[in-house]
Amino acid sequence: MGRHRHTLLRAAAGAAALFVLGVVVVAAANLIVLVRADGDVRSVASESDPATVAIVLGAQVKPDGTMSAMLADRVSQGAALWRAGKVDRILVSGDHGAWRYDEPTTMRRALIAAGVPAEVIFTDHAGFDTRASMERARRIFGIRDAIVVTQGFHMKRALYLARNAGIEADGLTSDLRGYGPQGLKGSIREVASRVKAVAESALGSPVTGGPPVPIDGPATASWGPAAPPGTPPAGAPGPDRS
């Protein structure tokens, strides 16, 4: 009985130590993101300092092909930056890992409908997460300065990853309404997503590459091929992005 109790105590101590270590790692990673996320963050487009490009980050497109509330608000703020004369180009970066799920094209069409000229809208079809969006913005599109457009809970990590990618970035938040369960889920996930961001940045984890598409060149070069005939719009909810 004594030996069994001793074994249980050792196991409990080990589990407690692992828990404390996990808490320390999560706390440290979140602190790194919060401290190193440089850049001014504004909530009104007209108050933003000018930059070459607005990077509008992707979010969920619904099964019927319409934008989620978060994505619609990001697009709205991107269009507001253009109308205010704060940017010369807009890069929409999101998930297009399957023909039937296409965040960047959905965003591009919405920007055009909002009055942004098609020739200034670039699309990144391999922005599968925030780090990929930022690394590709620098490597593929040659972006050096930008205004990042996303919700407030996501902004610190986005600016941290922009800095790590070599982009001088400010932020424009897009919290134009309440987001209910989607917003709560995003805020909770953000704690773990910051750990992932720090770890992948430290390890230099690879992102999808591709040929250069200079941001000062023709936007149409980034739009990608049309979907095969008969492909349904959206068709399935997208994966969680971090």
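## A walk through the helices and the sheet

Let us start with two helices: α2 (residues 69-83) and α3 (residues 103-113) have axes that come within 10 Å and cross at roughly 50 degrees. The two are therefore oblique to each other, and the crossing in which α2 passes α3 is right-handed. On the α2 side, Leu71, Val75, Gly78 and Ala79 take part, and they meet Met107, Ala110 and Leu111 of α3. Sorted by class, the residues of this contact are 6 nonpolar and 1 polar, with no charged residue among them. Please keep in mind as you look around that this is a predicted model.

Now turn to the sheet. Strands of a sheet pair through backbone hydrogen bonds, either parallel or antiparallel. Here you will find an open sheet of 6 strands with parallel pairing, and reading across gives the order β1-β6-β5-β2-β3-β4. At its edges are β1 (41-42) and β4 (121-124), each of which pairs on one side only.

β1 pairs with strand β6 (residues 168-173) in the parallel sense, over 2 bridges. If you look for the bridge partner of arginine 42, you will find leucine 172 in β6. On we go to β5, which pairs with β6 over 6 bridges, also in the parallel sense; valine 148 stands opposite glycine 171 in β6.

Next, look for aromatic rings: the structure holds 1 aromatic pair. It consists of phenylalanine 122 and phenylalanine 141, whose ring centres are 6.5 Å apart and whose planes stand at 90 degrees, so the pair is edge-to-face. Because phenylalanine 122 belongs to strand β4 and phenylalanine 141 to the loop between α4 and β5, the pair ties together parts that are 19 residues apart in sequence.

Back to α4, this time with α5 as its partner. These helices pack at an angle of about 35 degrees, and their axes are 9 Å apart. α4 passes α5 in a right-handed crossing. From α4 come Thr130, Arg131, Met134, Glu135 and Arg138, while α5 supplies His154, Arg157, Ala158, Leu161, Ala162, Asn164 and Ala165. By class, this contact of α4 with α5 has 5 nonpolar, 3 polar and 4 charged residues.

Our last stop is helix α5 (residues 152-165) with helix α6 (residues 180-203). Their axes lie 9 Å apart, at an angle of about 10 degrees, which means that α5 is roughly parallel to α6. The α5 side of the contact is formed by Phe153, His154, Lys156, Arg157, Tyr160, Leu161 and Asn164. Across from them, α6 contributes Gly186, Ser187, Glu190, Ser193, Arg194, Ala197, Val198 and Ser201. How do the residues of the contact of α5 with α6 divide by class? There are 5 nonpolar, 6 polar and 4 charged residues.

To see how these contacts meet in α5, look at His154, Arg157, Leu161 and Asn164: they are among the α5 residues in the contact with α4, and they are also among those in the contact with α6.

Key
Residues numbered from 1 in each chain as written. Predicted model: local features only at pLDDT ≥ 70, side-chain atom pairs only at ≥ 80, totals over all residues. Heavy atoms only, no water. Axes fitted to C-alpha atoms, helices over the stretch in contact; angles between N-to-C directions. Helix = DSSP H or I, 4+ residues; strand = E, 2+ residues; numbered from the N terminus. Parallel < 35°, antiparallel > 145°, perpendicular 65-115°, else oblique. Left-handed = near helix turned anticlockwise from the far one by under 90°. Contact = heavy atoms within 4.5 Å. Nonpolar A, V, L, I, M, F, W, Y, C, P; charged D, E, K, R; others polar. Pairing = 2+ DSSP bridges. Phe/Tyr/Trp six-rings, centres within 6.5 Å; stacked < 30°, edge-to-face > 60°.
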